[in-house]
Amino acid sequence: MPLARIHFWGIDAIALFYILAGISTVIFLLGIYFHVSVWLAGTKRDRLNLSDAGITNLLKDGLFGRRIFKGDIYAGFMHLFIMWGFIGLFAGTILSTTDYWLVHYLSGDIYLIYSFCLEILGLMLIAGLLMALLRRYTIKTPRLDNRKEDFWILMLLFACVLTGFMVEGVRLAVDMPGWEAWSFTGALFSYLIPSKELSEVLYPSIWWIHILVSLFLIGYFPFSKLFHSLAAPVNIYLATQPQPVISSEEKTLEGLEFSFRDMINFSACTRCGRCNEVCPSASAMKPFSPREFISRANEYTRVKFNPLSRVKWLREKLIKSISAAPEISPEQIWYCTTCRACLEVCPVYIGALEPIRRQRTAEIEEGSRVSPLLTKSLETLYMFNNPWERSKRKRSEWPEGLNVPDLTEGAKADLCYFVGCTTSFDTRAQKLARAFVKIMTHAGINFGTLGQKETCCGDIARRVGEEGLFDEQMKKTTDLFKSYDVTDLITSSPHCFNLFKNEYPLYRELEAPQEKSPFRVRHYTQVLEELMGRDLIKPLKPLNIKVTYHDPCYLGRYNHIYETPRRIIRSIPGVRLLEMAHFGPDSLCCGGGGGRMWQELEGEKKLSEVRIREAVDTGADVVITACPYCLIMLEDARKTAGFENRLIVMDLNEMIAESLGLEDARE
């Protein structure tokens, strides 16, 4: 046997092979066309720019599966073995094809190295498949929802690589060469065949079995969950680029439910279940599952935007099948708190929150299935510029007794403190603002507020999908900033902070250049740390307490501000910081985001009570947070869960003010 790659040894019907290969390739390309057509059916405003961050993510998370390893090392290695084994064997097939048709280079030492590498890659694939089978059907990892397709895909891949080794073994058994050690797995199979004659008889049959399995795999690939291996890299690359906004007028004209990026999200999902594990609503036994939402949306869009609908006689049949497609439950979408936990853990950066927001927009427009309390809050926002009170005058009552400069009444200041609706109107949250004002005054900072004229930033409207109302509130707010030359903002709420920092700029791109008015925005925790760094405030009074810190979702997961509040807490004398079971990027949501503050939804557990119990379990005396929503939700949970005498809920401002001797927030 020559020391070179042997093509079609003992095979006569070569023409038949190429016919079948051609059919398989055409089916594969049609499958790709089907998916891309569905993607392009979404609203398209993406500028697919060259992104260094996207390429970096693609290398780390696409090729090396960095995020898969987080929290599940077994799954990380399993996926790495399957992915690199499959890619390597596919590359080996391409090299073999070019050797046959273009340049004959697989001979001598090059062929030995080629053979050895394919052996290793094939064994990697087998190891990964065995790990997957063990994980699904023996260990039975709870978050996996096993379907028949999952088992048959594993079997198909296993059959493909196993028959490949068998073909190699039978060929080696005909005339065992001296270099068989380089093809050591095939050599093991060759020892099972007793004679050269039997090998020559068996070889064509085994070769055709391997070819038919492989060609079937190629054709089946884009119609199975294996397609995620093409969609996921696209999604990973685009993850660093913010989704472009679409004006209300354009949305009305296009009338489409999902965006181009949403469609790619749906295709990239493999139903691994990590999102369900961290979803606060799912873990609290509420009727919502981010995985189920993505899966149903994927099936629904594949039916609705099927490219075959362009064929006239098929269109009616597809329209009928849409009504039978898996329904996206209009009730379940309101349980999402938009906490971003699903996006934080997904290996390929899929998040349910954006497509859910778009579904909420459709429900808001339809109107009949929206919570009465939410409807009332949106009406209040529209009429009175806040979702809380049917009065505009009460907005400026919170600083009673404090000398707070009002920029709308002629005061001049370097900084504008944007108090926010919740902090202005809720009695408990008002203490947050009062403590912050005392700290700023103590530090000698020149700041002011917008007083009674302060507007709602529109966060609630944005989260629940009331896009027209959000556009209106955003315009009111930006016009107000321009009127009083506001260029440097401090916010109480992480929700306002996130909206100003990350979402307003995207909408400003739609404005004419002369209308744009950029401003800097910071959350108050960032300002407190800056003041400490400049020695303008120095917490001196020892508090002698144990505390735990609750990470607000919109401060942590949305803006990666985790350590700033903790550094501030550690700087307070006599304070010992204890971490909860879930903290930082793994923190649990309080349940107030995503419009949930203004809805009454049924469920077995309150998310805030789940969180307050975690705080109690640390043995802390005080739970600190840095968000008015979290403050209200945790304060209520402390009472309803029966921990009024066990735990105190405080805002970080209140604790700093107490250590500065400005007030006793624990009275």
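Is Arg143 buried or exposed? In this predicted model, Arg143 counts as buried, at 9% relative accessibility. Its side chain meets that of Glu277 in a salt bridge, with an N to O distance of 3.5 Å. The two residues belong to distant parts of the chain, 134 residues apart: Arg143 sits in the loop between helix 5 (108-137) and helix 6 (148-174), and Glu277 in helix 12 (residues 274-278). Glu277, for its part, is exposed, with a relative accessible area of 51%.

I turn now to helix 21. Here Asp459 and Arg463 form a salt bridge, their closest N and O atoms being 3.0 Å apart. About one helical turn separates the two, because they are four residues apart in helix 21 (residues 459-464). Both partners are buried: Arg463 has a relative accessible area of 4%, and Asp459 one of 5%.

A further pair is Glu530 and Arg534, whose side chains meet in a salt bridge of 3.2 Å, N to O. Glu530 is partly exposed at 33% relative accessibility, and Arg534 is partly exposed at 47%. Elsewhere, salt bridges with shared partners join several residues into one network, among them Asp262, Glu354, Arg357, Asp459, Arg463 and Glu503. The whole structure contains 37 salt bridges.

Finally, I come to Arg428, which is placed in helix 20 (residues 427-443).

How values were computed
Residues numbered from 1 in each chain as written. Predicted model: local features only at pLDDT ≥ 70, side-chain atom pairs only at ≥ 80, totals over all residues. Heavy atoms only, no water. Salt bridge = Lys/Arg side-chain N within 4 Å of Asp/Glu carboxyl O. Buried < 20%, exposed > 50% of the residue type's maximum accessible area, 1.4 Å probe, protein only.
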